[in-house]
Amino acid sequence: MSRSDDTLVRRVVAGACAGGILLCLVLLGMQAFGSAPAPEPGSARFLRGSPLRPSGSYGVVPSSTSGLVLLMAPAAALWGFSVHVRCSDAQVRHCLKGVALLVGLWMLDVLVKYRYPIDDPGLIAFLWYLYYVPMTLIPLLCLLCALRASALDSRPWARLLRRAAWATSAAVVALVLTNTFHLQVFSFDMSRPDWQETYAYNWGYWFAVAVYVAEYLGFFALLLAASRRRLRGVIALLVMAAVPFGAYCLMYALRHELAVKTNFSLNYCLVVVLLLELALDFGLLPSYAWYGEAFSRLSLDLKVLSRDGSVAFATDSATQTPACALELALRVARSQERGGVTRFRTSAVPHALFKAYGVSGGVALLTEDVAPLDERRRVLTERQDRLRRSNEVLRHESGLRRELWRLESEKRLLLDVEGSIADKVGRMRELIASLPRGSGAQDRARRRDMLVEVKLLVAYCKRKGALVLSERSDPAFDRDRLQLVFNETVSDLRSIGVDCAAAVSLEGELPAAVVSVLYDCLYDVVSVALFAVDPILMLYVSEDEKGVGLRAALDAARMDAGRLEAAAARLREDLAGSRGELSLELSPTSFNAAVRVRVPRAVRQGGGEP
């Protein structure tokens with residue numbers, strides 16, 4: 001809010017107070033100099049010694065308390081102005097000022113109804129109905145004050161309660177103001193001269209009373225639920241003051257003689273204002289009472305600065321503010337940013353954090369000592385730098401380990417392939433050197449079998465040699481790539497009369513070293529199928545948490561027992577170096593092998609030892 005806005009607010013408040021005082025003086029002048037007609041005989045003014053007091057018996061009817069009613073209006077205005085000054089919450093302040101306004105209007109309605117001669121019964125009834133407008137809105141405003149003071153107004157159920165209360169109060173006001181048309185609140189016969197004394201209550205009246213009682217009970221219940229333990233005794237004091245007044249209201253509603261002769265409107269307003277004032281004074285509702293002392297004793301370096309830079313309030317712990325920080329704080333005040341906070345630091349005070357809060361008419365400047373935080377930040381920064389350097393070293397070391405592992409893997413694979421190829425080349429030379437030279441059917445059949453074996457050995461050497469090349473370019477084998485290799489072997493076997501099929505099921509990728517072991521196991525099984533009668537070979541590769549497995553099932557009409565034993569021995573020899581597992585089932589007509597090879601995934605991911 002700018003300076004001009006503050007000035008406008010002060011002018012409005014001052015004008016409202018001046019207008020209220022002027023209205024009261026006019027009413028007092030009319031009463032004193034006879035402009036307002038005198039009350040009926042039998043009534044009394046506020047001052048028994050007044051020259052306008054009529055003779056006769058003294059009766060305590062509403063017209064006999066006109067002086068108190070006249071004083072109540074400016075008293076309510078002054079109380080409303082004090083609430084504007086003292087109450088620290090805008091919503092509660094607006095509600096309490098609304099109560100003060102309703103009290104003043106109610107008193108004005110009472111004066112008009114009882115002090116001016118009105119012959120129209122409809123107008124008299126309407127003035128009577130107007131009593132229930134403030135009587136309905138005052139408990140509603142009290143409930144809203146308690147809802148806000150208990151810090152529950154932002155809850156979803158509180159919003160629903162607020163809307164329901166406003167709707168119910170509006171319905172009650174509309175029901176009362178239109179009573180002449182339906183007579184559901186008060187029932188009377190306006191054609192009778194004594195209709196103002198012979199009315200009866202209907203369901204609308206008791207509905208309104210139930211709403212008032214519920215709202216006042218909600219007022220006390222919300223304050224009790226949200227108050228600290230030391231303030232609950234104050235609520236008990238308010239309840240003790242409210243209970244007799246509730247009994248008085250019940251007596252008035254039941255038309256008891258002692259209660260009917262009193263000025264209910266005046267008593268109602270006095271008690272409600274008194275209870276709200278006690279709630280303000282004791283801290284049940286937010287108030288500035290004793291805030292000055294509490295503010296100065298705060299253990300914070302807090303200052304409230306006006307827009308010109310002068311200190312309006314300061315705590316006892318407040319220190320001198322540097323000029324640069326003061327200038328930045330004043331910029332926040334002039335920027336009209338309300339409800340937010342601006343944080344800044346300055347080199348003039350090395351270990352201080354300034355927080356500027358925009359407030360009405362200036363800025364609140366909070367200075368926090370952040371030396372421990374700065375020290376922790378420095379320690380954390382140094383530790384972070386050390387960890388960053390350690391991470392770089394570890395990352396470099398991990399790269400070196402991965403490279404060493406790759407080189408060692410290539411070396412092992414090369415030696416393994418070299419040894420396997422050397423054995424197979426020796427076997428091919430042996431087969432070629434021992435080829436039969438004859439042209440008979442038996443020699444041709446034997447020569448054909450030997451050449452088929454040479455062909456498979458050549459394919460084996462080609463694929464094993466390709467593993468060495470793939471270790472550098474593309475060392476990982478996925479399902480499609482491995483399926484392609486097995487399909488080529490299946491095709492070669494089918495071309496020589498071996499009924500064969502292969503399936504591969506892999507989720508991840510396999511390193512070339514593992515694939516090399518699978519190749520060796522595959523060709524060990526194939527070496528048996530080459531010399532079997534009517535062979536059927538089924539191959540299946542799968543992967544699980546323990547590694548990759550190869551299942552080979554060979555069925556034939558007859559198999560060479562020596563080749564079965566030799567194939568089993570080669571399988572055990574091939575798996576010994578890779579720490580694999582082997583399960584065999586041998587018979588003269590079947591060869592079932594289950595091979596499991598561990599996959600060193602940790603090596604491929606982290607670069608450590610497998």
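In the hairpin of β3 and β4, which residue takes a positive phi? Select G309: its phi is near 95°, and it belongs to a hairpin with four residues between the strands. Now widen the selection to residues 301-306 for β3 and 311-314 for β4; the two pair in the antiparallel sense over three bridges.

**Colour by confidence**

This is a predicted model, so switch to pLDDT colouring next. The chain averages 76, and 77% of the residues score at least 70. Among the elements, helix α6 (residues 156-177) has the highest mean pLDDT, at 92, while helix α19 (residues 601-606) has the lowest, at 45. Select residues 602-610 and you'll be looking at a stretch with pLDDT below 50; beyond near neighbours in sequence, it has 17 contacts in the model. At the other end, residues 1-8 stay under 50 as well, with 12 contacts beyond four places in sequence.

The UniProt record (an unreviewed entry) places "transmembrane region" at residues 12-33, 60-83, 95-116, 128-152, 164-183, 203-226 and 233-253. Residues 95-116 are 95% helix and 0% strand, with the end C-alpha atoms 31 Å apart. Residues 128-152 are 84% helix, again with 0% strand, and there the end C-alpha atoms are 36 Å apart.

**Rings**

Show the aromatic side chains: the structure holds 22 aromatic pairs. Start with F186 and Y199, whose ring centres are 5.8 Å apart; the planes make 85°, so this pair counts as edge-to-face. F186 sits in strand β1 (residues 186-187) and Y199 in the loop between β1 and β2 (200-201), so the pair ties together parts 13 residues apart in sequence. Are these two buried or exposed? Both F186 and Y199 are buried.

Jump to F245 and Y268 for a tilted pair, 5.7 Å centre to centre with 55° between the planes. This one links distant parts of the chain, with F245 in helix α9 (residues 232-253) and Y268 in helix α11 (residues 264-281), 23 residues apart. F245 and Y268 are both buried too.

Before moving on, select W128, Y129, Y132, F186, F188, W195, Y199, Y201, Y205 and W206 together: ring pairs link them into a cluster.

**The five-stranded sheet**

Next stop is an open sheet with the strand order β9-β11-β12-β14-β13 and mixed pairing. Which strands stand at its edges? They are β9 (499-505) and β13 (581-587); each has a single partner strand, so one side of each is left without a neighbour in the sheet. Neighbouring strands here are turned by 5° against each other on average, direction ignored.

Inside the sheet, select β12 (residues 547-555) and β14 (residues 590-597), which pair in the antiparallel sense over eight bridges. Within that pairing, A553 has N592 of β14 as its bridge partner.

For the last stop, select helix α18 (residues 561-576), which lies across β13 and β14 and runs at about 175° to β13.

Note on methods. Residues numbered from 1 in each chain as written. Predicted model: local features only at pLDDT ≥ 70, side-chain atom pairs only at ≥ 80, totals over all residues. Heavy atoms only, no water. pLDDT = per-residue confidence, 0-100. Contact = heavy atoms within 4.5 Å. Pairing = 2+ DSSP bridges. UniProt positions renumbered as here; feature names shortened; annotations may be inferred. Phe/Tyr/Trp six-rings, centres within 6.5 Å; stacked < 30°, edge-to-face > 60°. Buried < 20%, exposed > 50% of the residue type's maximum accessible area, 1.4 Å probe, protein only. Axes fitted to C-alpha atoms, helices over the stretch in contact; angles between N-to-C directions.
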